[in-house]
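Visitor: Could you walk me through this one? I'm new to reading structures.
Guide: Gladly; here it is.

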Amino acid sequence: MIEVNGLWKSFDDCCALKDTNMYVPKGAVYGLVGPNGAGKSTLIRHITGVYRPDAGTVQVAGETVYENLAVKSRMAYIPDELFYFLQADTLEMKEFYAGIYPNFNKKLFEKLREFFPNIDVKRNIRKLSKGMQKQVAFWLALCSKPDLMVLDEPVDGLDPVMRRQMWSLILSEVSSRETTILISSHNLRELEDVCDHVGIMNHGQVILERSLCELQGSVSKIQLAFEQGMPILPEHFEVMHMSNTGRVYTLIVKGNPQQAKAELEKLSPLFIDVLPLTLEEIFIYEMGGADYAVKDILF
């Protein structure tokens, strides 16, 4: 659905994107993560056609995005900083969206009212709370029936009940219409529950891009203990992090978890256990190999 190839973008003397490549398959829920300043927002603004590339290509559904109204009419973008017309209420914004999105469904708008009972549709949107403004943005975006939804910190400002409701509505769109979802967020624990693909950005490039299953199957967290301390590990073992409490060691190892466990069992540990690795842990240790500020988050 989204293909980015060799994308470059500079602002004055700052190079924000450096030969960036990215691929998001149709119907995927793709989480884009990275430290502040990695280039996520700049990449998103190219995907939504806000920025013109200095070099490289950005395509959605096989078409160049920049200045392509037909492609833009098939995508909905919810930025971190929302914009509404100064005097507009929700009903007026509904008419505006209906004028620019050919598939806008007014019947769906009425049907979804029950999910947003606290929204006064005749009140100036700018006078609503940040969380309510975000709810209006989701309401209008869903009614636009897009093929692609691009979300930047989508549930920031929403209470836990509304966050769950928003994810439920979004995933329902994926299930029923194969809508492609691109999410940029710092809430990695939440992304882990909804995403099936992940891209990690750093220094203006997507340095790692895989399905979540592949990503979690390529790094393992292993706890084990030995009678006389940690023996010499096999040369081919790529240990990303090691810590210990007494005789109990915790290793973060690259490679297949079961293969890593089988190799370590040859060293006759007192016990050995393979633990699930969260997306947050994977992110921190992958960034640790890219000069990112790493802290020990094992517990």
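Guide: A word we need is buried, which means under 20% relative accessible area, while exposed means over 50% and partly exposed lies in between (1.4 Å probe, protein chains only). This is a predicted model, in which local features need pLDDT of at least 70 and side-chain atom pairs count only at pLDDT 80 or more, whereas totals for chains, interfaces and linings use all residues. Residues are numbered from 1 along each chain as its sequence is written, and side-chain values use heavy atoms, leaving out hydrogens and water.

Visitor: How many disulfides are there?
Guide: The search of the whole structure finds 0 disulfides, a disulfide being a pair of cysteine sulfur atoms within 2.5 Å.

Visitor: New topic: how many residues does the largest nonpolar core have?
Guide: It has 55 residues, and Leu112 and Trp139 are among those with the most contacts inside it; such a core is a set of buried Ala, Val, Leu, Ile, Met, Phe, Trp, Tyr and Cys residues joined through side-chain atoms within 4.5 Å.

Visitor: Which helix gives the largest share of this core?
Guide: Helix α5 (residues 130–143) does, with 8 residues, where helices are DSSP runs (H or I, at least four residues) numbered from the N terminus.

Visitor: How many of the residues of α5 are buried?
Guide: In α5, 12 of its 14 residues are buried, including Trp139 and Leu142.

Terms used. Helix = DSSP H or I, 4+ residues; strand = E, 2+ residues; numbered from the N terminus.
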